[in-house]
Amino acid sequence: MSQARTKTPAADLMVDLIISLDGYASAEGWPGWWGLEGPEYLAWLEEEGKKNYTFLMGANTYRLMSGMSGEAAAGDSGFSENEGASLAGLAAVPKVVFSSTLKAPLTWPNSQLVAGDAVDAVAEMKRTGTGPMSTLGSLSLCRSLLAAGLVDRFRLVVFPVITGRTGSERIYDGYPDVLLEMVESRTFDGRLQLLEYVPAVLTGPPGQGPA
């Protein structure tokens, strides 16, 4: 694992995704984390939760995650103990929601609504140094921020499943060409692979330079 460039500045933006081996964000009928979360991964998630990220998301993710968070907090939701605790805990963290259809005030605690252009808003947040930021789901938002050159870290946790029949939400559709410099890798519980990169959007094949 490279030790270079692993310390992130205060206003860095990270795209943070969990993904099946064949590139899907979720799969119909599968439990959260594809049912493969283990103690090492869960402990790492707990530590990551202490890093004071502001989470960025779009309207669809807001509707989905706020509903799930509320269900988890109410109990008897059908979520596993670990998944329920993770979802319920999202209410306490700062969140910025980009939407022209949602109306303020948002009901999920600690959620700020931004109706303007997400790329412009995030660029300003990075310029003013509002603290570390991370995406939450929101695949189209992740794609837009990456294409605009605003993403400092691109992090995946790859789950060892192929969901060719049931997979949904293909992650990389519509992406530009991107060169990735690995800055961290780790294996959780002998099966989950964390991969963290510094991304550079390309204008052409490697060797022709970043945008």
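This is a predicted model: local features need pLDDT of at least 70, side-chain atom pairs count only at pLDDT 80 or more; totals for chains, interfaces and linings use all residues.

Me: Which residues does Ser-69 touch, not counting residues up to four places away in sequence?

Reply: Ser-69 touches Leu-87, Ala-88, Ala-91 and Trp-108. Contact here means heavy atoms within 4.5 Å. Residues are numbered from 1 along each chain as its sequence is written, and side-chain values use heavy atoms, with hydrogens and water left out.

Me: What is the mean pLDDT of the protein?

Reply: The mean is 88, and 91% of the residues reach 70 or more; pLDDT is the predictor's confidence in each residue, from 0 to 100. Residues 1-8 are below 50, and that stretch has 14 contacts beyond near neighbours in sequence.

Me: Back to Ser-69: why is it called buried?

Reply: Buried means under 20% relative accessible area, exposed means over 50%, and partly exposed is in between (1.4 Å probe, protein chains only). Ser-69 has 3% relative accessibility, so it counts as buried. Ser-69 sits in helix H2, residues 59-74; helices (H or I, at least four residues) and strands (E, at least two) are DSSP runs, numbered from the N terminus.

Me: What makes Glu-47 partly exposed?

Reply: Its relative accessibility is 44%, and that value falls in the in-between class. Glu-47 belongs to helix H1, residues 39-48.

Me: And why is Ser-26 called partly exposed?

Reply: Ser-26 has a relative accessible area of 23%, so it is partly exposed. Ser-26 is in strand E2, residues 24-27. Leaving aside neighbours within four places in sequence, its contacts include Trp-34 and Thr-166.

Me: How do you know that Trp-34 is buried?

Reply: Its relative accessible area is 5%, and the cut-off for buried is under 20%. Trp-34 lies in the loop between E2 and H1, with a positive phi of about 55° although it is not a glycine.

Me: Why does Asp-189 count as buried?

Reply: Asp-189 comes in at 17%, so it is buried. Asp-189 also has a positive phi of about 55° without being a glycine, and its place is in the loop between E9 and strand E10 (192-201).

Me: What makes E5 and E9 edge strands?

Reply: Eight strands form an open sheet in the order E5-E4-E3-E6-E1-E7-E10-E9, with mixed pairing. Strand E5 (111-114) and strand E9 (178-188) each have a single partner strand, so one side of each is left without a neighbour in the sheet. Two strands pair if DSSP finds at least two bridges between them.

Me: How do you know that E1 and E7 are joined?

Reply: Seven bridges join strand E1 (residues 13-20) to strand E7 (residues 153-159), and a pair needs at least two. The two strands run parallel, and Ile-19 stands opposite Val-158 in E7.

Me: At what angle do H4 and H5 pack?

Reply: Helix H4 (residues 118-128) and helix H5 (residues 139-147) pack at about 65°, with axes 10 Å apart. Axes are lines fitted to C-alpha atoms, for helices over the stretch in contact, and angles run from 0 to 180 degrees between N-to-C directions. The contact is made by Ala-118, Val-119 and Val-122 of H4 and Leu-141, Ser-144 and Leu-145 of H5.
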